[in-house]
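Hi,

Here is the structure I promised to send over. Have a look at it first, and my notes on what turned up follow below.

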Amino acid sequence: MENSKAKKLSKKVWLFRGIMILIPFLFFAILEIGLRLAGYGQQIPLFMQNPSAPEYLLPTPDVVKRYFAKGAESPNVTIETNFFKKIKPEDGIRIIVQGGSTAAGFPYGFGASIAGMLDYRLKQTFPERPVEVINTALSAVNSYTLLDFADEIIEQQPDAVLIYAGHNEYLGILGVGSAYTAANSHGATLLYLKLKNSRIFQLMQSIYSSFSSINTTSNSKQNDNARTVMAKVAKHKNIPHDSALFKQGLNQFEQNMSLLLGKYNKAGIPVFISTIASNLADQKPFSSALLSEEEGQLVATVQTDPSSFELKQLKQLEQLSISNKSADGYYALGQVWLKTQEYDKAKSAFVQARQHDLLRFRAPIEINQIIETLAKDNQVYLVDAEADLTKVAEQYIIGKSLMIEHLHPTIKGYFEISNSFYQALKSTKVFGAFPHPISKFNAQQELPVFDAEVVWGNAKIAGLMADYPFTKQPQQPDYPELKSWSDKLGFAAYKKQVSWLDIANQSLQYANKIQDQLTIIKAVKLLSDAMPDNESYAYQAGVTLISQQRPKEAIRYLTRAMDIQPNNTNSRLALAHAYTQQSDYSTALIWLDSVLKIEPNNTVALSVSKQIEALPVNELSN
């Protein structure tokens, strides 16, 4: 009897303990639900529905805000978005690009990006298949953001993921040396990424943010808002090579990328990951180890005139560079070797200058070594963009012909990077053989970037280089000289007085005026791809391509126009014209018949049908 009572008492005790343990969890669950019901907090998805065309999705432009408390200041960086179908098309090719500002096409925009250049070229390569190359790259992000995006990218069922990243591991958002660091360890930062959508966590984050900003004056905020992202992001301005923080950045990159590639491997998605490049010959180190007055004078003398030196001075320069791990010393040494045409030695010195640049805005050699190792895994393909850029660089040293400043490519540089990915996709045949490969020469003749966009981008770079780390204090930007109408249009876009759509339409108008056929073709295709729910742009692109004897490409846009306005007989007639150009008369007749079902007395359809039916039987069967 007593044993029975003891057992019952023991059960009650354990039940009571269980309830006590559950109470905190129940409290937090109720609080979380209550906050959500009250509309508190935010959950910013990577992809959002296009409000004007619900059948399309697009990357959320300000997705970077997901890493900051609601109302807190976040970097002014956005995704250059493009539209893609909510339901993946049958037989479609869907590629998603990940990375930082270079992958995003900064400063020239989507047309210069890996996604933009590949989308334009692959649509010519696969004219009969739906092609979607989707950009999720944006400035100032690193491997944490790439990893955070992975599950949402997998949901979109891409046929491949392309990655160009690694420069922002130290000073990008959540980087080990960044002012935008969430935690001081890799594990804690991964936990932060898991918790960031919790409303309780966001409440705590908001409270902390409000307390931490109490002492910030409105004037300092206003001044800070005028600074560039590069000026705001650097917390640890000196990270020596082989220091603990340096190694932490490498470990962060390797671990995050391994997790990322593991996710894609598990989902059966092939990944193309590229080596990354930066300016070696024409970018002086941002920060260098301190030198004595005499050593500093030697370096300054050589930098002023690399050709006026003595053998003794050269030996001194070599010694001080090695012993002090001086980025400035190595850079001066590289300039000397460049002047004496000893290019291998020059390149080696420039690489060491980048290695020992204490301000880590350019990735060190080790990042590419990690990328090359990661690419040995299953379903991971190495794209060696750095090697391809080196092949076309002056003296095989990447400099100002390919890089604008420290790491953002020129239009030529961007094309070379996109070409590296194109050739890798072609050789691996992940989508099958390329039916209509576009040669490098032909692709260069029709780049998806307008002249005004180049001026727009150059103005952005002028603003960037007028602030830290290019100057000690913010300066007045040295904007490009405005000569032509397109120069003025591009600068107006920089001033936010006109949009990209204005640039495209005005470029098309001017191209029509002077009969610039390549710009006409480029403009009509880009306008339709930028506004895929616009029937007028799609039809205009289709008929323009027909007029240029490019019927296979025309079909893509005319089909799009017909999908938007199914009963538009002009689109159906144009489709019949496109198939006639290819001598596919049986398909042309099908489209002509569809016109006659809508408009039985359509004179064009009747006339062309009679002409086709009068052809010899053997031609009709082709």
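Let's start with Glu553: its relative accessibility is 11%, so it counts as buried. Keep in mind that this is a predicted model. Glu553 makes a salt bridge to Lys525, with 2.8 Å between the closest N and O atoms. Glu553 belongs to helix H23 (residues 551-564) and Lys525 to helix H21, so this pair ties together parts 28 residues apart in sequence.

Glu446 sits in the loop between helix H17 (440-445) and helix H18 (451-464), so here the linked parts are 79 residues apart in sequence. Glu446 is buried, as is Lys525.

Across the whole structure, the search gives 19 salt bridges. Another of them pairs Glu152 with Arg66, closest N and O atoms 3.0 Å apart. That one links distant parts of the chain, 86 residues apart: Glu152 is in helix H4 (residues 143-155), and Arg66 is in the loop between S2 and S3. Both ends are buried, Glu152 at 18% relative accessible area and Arg66 at 8% relative accessibility.

Beyond its sequence neighbours within four places, Asn82 has contacts including Leu57, Pro59 and Phe110.

Cheers

Key: Residues numbered from 1 in each chain as written. Predicted model: local features only at pLDDT ≥ 70, side-chain atom pairs only at ≥ 80, totals over all residues. Heavy atoms only, no water. Contact = heavy atoms within 4.5 Å. Salt bridge = Lys/Arg side-chain N within 4 Å of Asp/Glu carboxyl O. Helix = DSSP H or I, 4+ residues; strand = E, 2+ residues; numbered from the N terminus. Buried < 20%, exposed > 50% of the residue type's maximum accessible area, 1.4 Å probe, protein only.
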